[in-house]
Structure formats: C-alpha cells, structure tokens
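Me: I have a model open and want to know what stands behind the words used for it. Please take the questions one at a time.

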Amino acid sequence: MPTEGWSHHEPPVSLSPRNSGLVSRSDSRSGERGPVAASEPPGVLMATITLENVRHTYVAPPRGPEDWALKGIDLVWSDGGAYALLGPSGCGKTTLLNIISGLVRPTEGRVLFDDVDLTDVPTDQRHIAQVFQFPVVYDTMTVYANLAFPLRNRGVPPAEIERTVRDIASMLDLETELDRRAARLTADAKQKISLGRGLVRSDVNVIMFDEPLTVIDPHVKWQLRSKLRELHQRTRRTMIYVTHDQTEALTFADKVVVMHEGRVVQVGSPVELFERPRHTFVGHFIGSPGMNVLPCRLQNGAAHIGAERVEIENPPGRPPDGQRLVIGVRPEFVTLAQEGLPVSIVRVSDAGRYRIVEARLGESRIKLLAEDGVSIPAGGAFVRFNPAHTRLYADDRLVE
Ligand code: ADP
Ligand code: MG
C-alpha cells in the first residue's frame with residue numbers, strides 16, 4: 001500500500017481539542033470547517049503554524065554548513081493564508097513541508113500549532129493533508145474509492161462521503177472516471193486523484209501541495225492551479241503550495257516564501273518581491289529577465305559604478321564594513337538616455353511587447369527593456385536607473 005502524508009487511521013490517542021489547539025472553538029463535527037469543495041462557510045478547524053529556529057541535516061555528524069538542508073528557519077504561517085513556497089530544486093522545500101507534517105523530525109528547533117509544541121507529535125495527529133509531487137493512489141481501487149478513502153477512514157457518514165466525493169470529482173473533471181480502476185488511468189488523472197484526496201477532508205489545519213502539477217499536462221496545469229486558487233478563496237483554508245516555478249507561485253499565492261540554500265530569504269506578496277527584493281537571489285530568481293546585479297563601491301557615502309555616481313534608494317546609514325557591495329536594479333527600471341552611465345550594446349532580442357537590450361557596463365552585463373518606438377543606438381549608448389528602484393545590497397542582503 002502506498003504511504004501518504006495524511007493519516008489512514010484515527011489517532012490512537014487523540015489530542016484533546018482544548019490542549020492541542022488543533023480543533024478550536026467547537027468540538028462538534030458540524031462545527032468543523034467543511035470539505036474544501038463544499039460551499040459551507042468556513043468552520044473552525046484552524047491553527048497558526050510556527051517554525052521556531054528549525055534546522056535540519058540528513059548527515060550525521062554534519063561537517064559544515066553545506067551539510068544542513070535547513071539552516072535556521074523562523075516562520076509563521078497564518079491561518080487561512082494562501083502561501084507559495086518558492087525556490088530552486090534542492091533548496092529545502094520538501095524537507096520543510098515534511099517537518100510541518102511530521103514525516104521528518106527537525107534536528108533542531110520546534111514546530112508549533114497555535115501555542116502547542118508538536119515537534120514530537122506524529123503525522124497522523126497533526127490534521128494535515130499533504131499532496132506529493134508524484135501520484136499516490138491505490139491502483140486496485142476505483143477512483144471513487146480512492147477519493148472516499150480518507151473519509152471512510154474517519155467514519156464520515158456515507159451520505160456525506162457521497163456528496164463530498166462527487167463535489168471534488170466534478171471540480172477535478174473526474175466525474176466520468178469514478179467507477180474506473182485507478183490503475184487504468186493516465187499519470188494526469190492519477191495526480192488529480194491525489195489532489196482530490198488532499199481536498200476532501202474537512203478536518204485539516206492546512207493542505208500542503210509539493211510541486212503537485214509536475215506530471216500534469218501544461219494546458220491542464222493552468223486550469224488546476226486556478227481551481228486551487230478559487231477553492232482557497234471560497235474556503236479560506238490554509239494552503240501551502242510548493243513550486244520552483246515563479247509564475248505558479250505568483251499566480252497562486254497571497255504570500256510567497258522564497259527559499260535559497262536552506263534559508264528563507266524573503267516572505268512577501270508578489271508585488272513586494274518584485275518591487276523590493278530583500279536579497280539579490282529574490283531579485284534574480286523572480287522576474288524575467290531577473291534583476292541586474294552590478295558590483296559597486298561607496299565613495300563619500302555615495303554609490304559608484306566605475307567612475308560614475310549612481311543614485312540609490314537606500315543610502316547606508318554607516319558604511320558597510322568589508323562586505324561585498326552590489327547595486328540591484330530591475331531591467332524595467334533601466335532606460336536608454338542621452339547621458340548617464342556609458343554602455344555598449346551587445347544584443348537586442350524581441351520579447352513581444354518590448355525588446356530586451358543587453359549591454360556591457362564596465363566589467364558587468366546589464367539588461368534593460370525597451371518599449372516599442374524607442375530607438376536603440378548601435379554600439380555606444382547611455383543608460384539611467386530609476387533611483388526609486390535602485391538599491392544597495394551588502395553580501396546579497398538589502399541594506400536597510
Ligand atoms: P527541494 O524540495 O527544494 O528540492 P529537498 O528538501 O528535497 O529540496 O532537499 C534539500 C537538501 O537535502 C538537498 O541537498 C537534498 O539532496 C537533501 N536531502 C533531501 N532529502 C534527503 C534524504 N532523505 N537524505 C539525504 N539527503 C536528503
Ligand atoms: Mg522537493
């Protein structure tokens with residue numbers, strides 16, 4: 001039988017609602033938050049999830065920083081939030097999810113649901129649904145039985161199971177497949193079942209999706225992601241959506257948690273991440289093309305690239321000491337001008353609504369976007385940066 005991140009069984013010892021903080025405000029089933037697909041108003045199962053100084057290593061004993069998959073995470077996930085956890089492969093996203101769900105015990109630090117320390121509480125007592133990157137289905141069962149499984153396990157009345165399963169199936173376009181054996185289905189359909197099983201339960205604090213659309217056909221991807229988004233808006237259940245794809249993250253989430261090499265480098269709305277990256281990685285990873293990162297130096301408190309002074313939005317209160325200094329400016333905020341920083345144009349490529357101009361600025365390369373109608377000189381030119389969007393970073397962190 002495949003393993004799942006959510007419980008197959010009722011917990012042997014149920015945490016009492018009063019002291020667990022898992023089921024608050026009401027003890028009655030009818031008071032719980034409805035299944036995601038049902039249209040009941042939000043109920044009461046809820047928790048703020050806090051990760052307190054969480055570090056994790058798979059290596060014993062760890063020799064250096066590179067052996068830590070998570071290097072010190074402090075994060076609060078508010079109840080009802082739509083979060084994306086965004087970062088490149090290997091940055092620690094799955095490890096973080098597994099620590100929240102209890103599949104992995106952190107080497108150091110604590111996991112709290114509301115004020116209750118659950119660090120050592122098993123997965124099946126955390127009331128979490130986790131959907132994995134690859135489908136987890138019971139091949140010998142029908143689609144209906146697969147979807148009903150988490151509910152039957154919890155003794156949900158048959159009529160309610162029927163209603164919930166049909167509701168979820170219709171949302172995922174699986175209605176016509178309900179009587180088929182899961183083994184016969186395509187990878188797409190199997191992953192929809194996995195998603196469905198994450199969505200049917202009413203007794204969860206949070207639904208976590210770990211790159212759930214990896215195996216899904218590109219044109220269905222967009223549709224499923226919009227459905228998850230819509231479901232979140234309807235139910236206000238906490239969702240954490242893991243992805244390495246910035247478009248997925250930015251379209252799904254209200255708040256994006258950006259990870260890089262085992263650390264959280266910024267938590268912000270899509271607009272904040274675009275407008276004010278707090279780490280050069282965020283600037284570079286989000287946006288297309290990403291933020292320009294240009295080595296600079298300070299002279300009498302002013303930033304300079306080569307001999308040219310550059311006005312910045314965040315002049316440092318006191319000079320950063322021995323740190324690597326760069327200026328970050330997005331291509332959207334660089335323009336060709338009659339005077340300014342001297343560049344030589346290397347390449348121009350058409351990106352539809354605008355052109356991407358690549359130029360050499362001293363030792364660095366810089367990109368800017370030129371709208372239709374802007375004439376682009378061949379060879380030598382000047383560029384200007386919009387000072388409100390030009391910032392100084394010391395050792396990759398925004399100077400604040
Ligand atoms: P992501 O989900 O962002 O791709 P992971 O959390 O899977 O990242 O991995 C983070 C780091 O931990 C990587 O260096 C990975 O190789 C390592 N890692 C993950 N799982 C294990 C494991 N079970 N055993 C050893 N190393 C692991
Ligand atoms: Mg992963």
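Me: Where does Pro289 lie?
Reply: Pro289 is in the loop between helix H9 (280-285) and strand E11 (292-295). Helices (H or I, at least four residues) and strands (E, at least two) are DSSP runs, numbered from the N terminus. This is a predicted model, in which local features need pLDDT of at least 70, side-chain atom pairs count only at pLDDT 80 or more, and totals for chains, interfaces and linings use all residues. Residues are numbered from 1 along each chain as its sequence is written, and chains are lettered from A and ligands numbered from 1 in the order in which they are written.

Me: What is omega for the peptide bond from Ser288 to Pro289?
Reply: Omega is near -5°, and the bond is cis. Most peptide bonds are trans.

Me: Why is Asn300 called exposed?
Reply: A residue is exposed if 12 or fewer other C-beta atoms, placed from the backbone, lie within 10 Å of its own, buried if 20 or more do, and partly exposed in between. Asn300 has 7 C-beta neighbours inside 10 Å, so Asn300 counts as exposed.

Me: What is phi of Glu261?
Reply: Phi of Glu261 is near 45°, a positive value in a residue other than glycine. Most residues other than glycine have a negative phi.
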